[in-house]
Amino acid sequence: MYRTENKDTEIMGEISLSFGSPLKSCIFKKRNNRFTAEIIIDNEVFFAHVPSSGRMKELLFPGAEVFAVEVRSLKRKLPYKLVAVKSGVELVCIDSLMPNRLIKLALENKALPEFYHYNKVAAESILGDSRFDFYLEKDKFDRCFIEVKSVTLVENGTALFPGAPSKRARKHLEELLKIKEVGFRSCVIFVIQRNDAEIFKPNVLQDKEFAELLKKVHSLGVELIAFDCVVSTDKITLNKRIPVKI
């Protein structure tokens, strides 16, 4: 099934986040572990923080053009942080924290018509044993719980999630279904951190269980929304809704 965008679901105003400093073009050498990589700048090797635990093998391979920001903080051990990577002509943000920050900004600025009427927005909300990215409230009867997912993989115009089997992502879907079953609104927002996707689909080849569970929870009322982004060397902007096909 498809969920298509229309004029009533367009983003209101510009929702953008700056990368803080101009990004420096460099060459990816190798990934040492989930959060550390080596990059080459002017023929010199530096260590860089990778702000995502995702594998992203289709993006982070030796010789790929990546973009990093210099880190000037005594709390940071590594001199650079990877922010984006070039995929063909497309710039892809790989910072897994950006989607939550973008959605938080959009919710607080009432830029998403689907959630416009809520007067309370709380991040990292806990209900029982579950933690949700966002909790929205109009009154005691009208409440909404949201999980946000970062998407970087696009193949032939189709954005795919997850990029690898994810027990954690399946758990989040089960928690959202419980919320729906007790009478509250629940939603998954997939933020595609690039601008070359035409539709969003669950990644059946990587995680069939997630794909099947996503279809199930949606049929029982959990809402699915996907947005793409425009990424430049100075900022990332929440762009428009992308149809979801499951």
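Analyst: Two strands pair if DSSP finds at least two bridges between them. Helices (H or I, at least four residues) and strands (E, at least two) are DSSP runs, numbered from the N terminus. The model is predicted, with local features needing pLDDT of at least 70 and side-chain atom pairs pLDDT 80 or more, whereas totals for chains, interfaces and linings use all residues. Residues are numbered from 1 along each chain as its sequence is written, and side-chain values use heavy atoms, leaving out hydrogens and water.

User: What makes strand 7 and strand 8 a pair?

Analyst: Four bridges join strand 7 to strand 8 (residues 90–93); the criterion asks for at least two, so the strands pair. Their sense is antiparallel, and S87 has E90 of strand 8 as its bridge partner. The two strands form a hairpin with two residues between them, where G88 has a positive phi near 65 degrees.

User: Why is F28 called buried?

Analyst: The relative accessible area of F28 is 2%, so F28 counts as buried. F28 belongs to strand 3 (residues 24–33). Beyond its neighbours within four places in sequence, F28 touches A37, E38, L60, F61, P62, G63, A64, V66 and L82, where contact means heavy atoms within 4.5 Å.

User: What makes strands 9, 10 and 11 a run of hairpins?

Analyst: Strand 9 (residues 120–127) and strand 10 (residues 130–137) pair antiparallel over seven bridges, and they form a hairpin with two residues between them. In that turn, G128 has a positive phi of about 65 degrees. Strand 10 and strand 11 form a hairpin with five residues between them; four bridges join these antiparallel strands, and strand 11 covers residues 143–151. Y135 links both pairings: its bridge partners are A122 and F145 in strand 11. Strand 10 is mostly covered, as seven of its eight residues are buried.

User: What makes the phi values of E124 and N156 worth noting?

Analyst: Most residues other than glycine have a negative phi, and most peptide bonds are trans. E124 has a positive phi near 55 degrees, and N156 has a positive phi near 50 degrees. E124 lies in strand 9, while N156 lies in the loop between strand 12 (153–155) and strand 13.

User: How do you know whether E124 and N156 are buried, partly exposed or exposed?

Analyst: E124 has 43% relative accessibility, so E124 counts as partly exposed. N156 has 81% relative accessibility, so N156 counts as exposed.

User: How do you know that the peptide bond between F161 and P162 is cis?

Analyst: The omega of the bond joining F161 and P162 is about 0 degrees. P162 is placed in the loop between strand 13 (158–161) and helix 2 (167–181).

User: Why is the protein called as compact as a globular protein of its length?

Analyst: The protein has three helices and 18 strands. Its radius of gyration is 18 Å, and the globule rule gives 18 Å for 246 residues, so the protein is as compact as a globular protein of that length. The radius is taken over C-alpha atoms, and the rule is 2.2 Å times the number of residues to the power 0.38. The C-alpha trace spans about 60 × 35 × 35 Å along its principal axes. Buried residues make up 50% of the 246 residues. Of the contacts between residues at least 6 apart in sequence, 66% join residues at least 24 apart.

How values were computed: Buried < 20%, exposed > 50% of the residue type's maximum accessible area, 1.4 Å probe, protein only.
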